[in-house]
Amino acid sequence: MKTTPASVKKVPNPIDKHVGSRVRMRRMFIGMSQEKLGESLGLTFQQVQKYEKGTNRIGASRLQQIAKVLGVPVEFFFDGAPTADGVPSGGFAEAPSSSYVSDFLSTNEGVQLTKAFIRIKDAKVRRRIVDLVVALADLEGEEG
């Protein structure tokens, strides 16, 4: 059996990291705190934190509990997950570049922006907001 020195830090498995980020994204989207999710599962918020970072692997029964609490099917956590060949699952050719979307939706700003944007009913207003954000990003790109 091969041993590793205590000073070597273990890197989270890409699937565990992806599943954890999807837990975080969904939890934030429904406005639930880590403490509240932990209470619902009989865990501390620190354990939830470790799951969300992918530091600790989520077992099958625990993932099923999390899915029930967060109101999504278990499959939700695997959408866009990397496969053994490094290509995200899902069947779309552009899927590898879409990880930035889930990364963005895992942030407070991403959740707030998405929730607010969804509430805007007028399609023309939504289009103008997209145009504004693109223009601001272009300006920032020119400055940086």
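Does glutamine 46 count as buried, partly exposed or exposed, and at what relative accessibility? Glutamine 46 counts as partly exposed because its relative accessibility is 38%; buried means under 20% relative accessible area, exposed over 50%, and partly exposed in between (1.4 Å probe, protein chains only).

## Basis

This is a predicted model, where local features need pLDDT of at least 70, side-chain atom pairs count only at pLDDT 80 or more, and totals for chains, interfaces and linings use all residues. Residues are numbered from 1 along each chain as its sequence is written, and side-chain values use heavy atoms, with hydrogens and water left out.

## Glutamine 46

Glutamine 46 is in helix H3. Helices are DSSP runs (H or I, at least four residues), numbered from the N terminus. From glutamate 35, glutamine 46 is 11 residues away in sequence and 8.5 Å away in space, C-alpha to C-alpha.

## Nonpolar core

The largest nonpolar core holds 17 residues. Such a core is a set of buried Ala, Val, Leu, Ile, Met, Phe, Trp, Tyr and Cys residues joined through side-chain atoms within 4.5 Å. Val23, Leu37, Ile58, Ile66, Leu70 and Phe77 have the most contacts inside it. Helix H1 (14-29), H2, helix H3 (45-53) and H4 each give two or more residues to this core. H4 gives the most, with four residues.

Phenylalanine 77 touches several residues beyond its neighbours within four places in sequence, including His18, Val23, Leu63, Ile66 and Leu70. Contact means heavy atoms within 4.5 Å.

## H2 and H4

Leu37, Ser40 and Leu41 in H2 meet Arg62, Gln65, Ile66, Val69 and Leu70 in H4.
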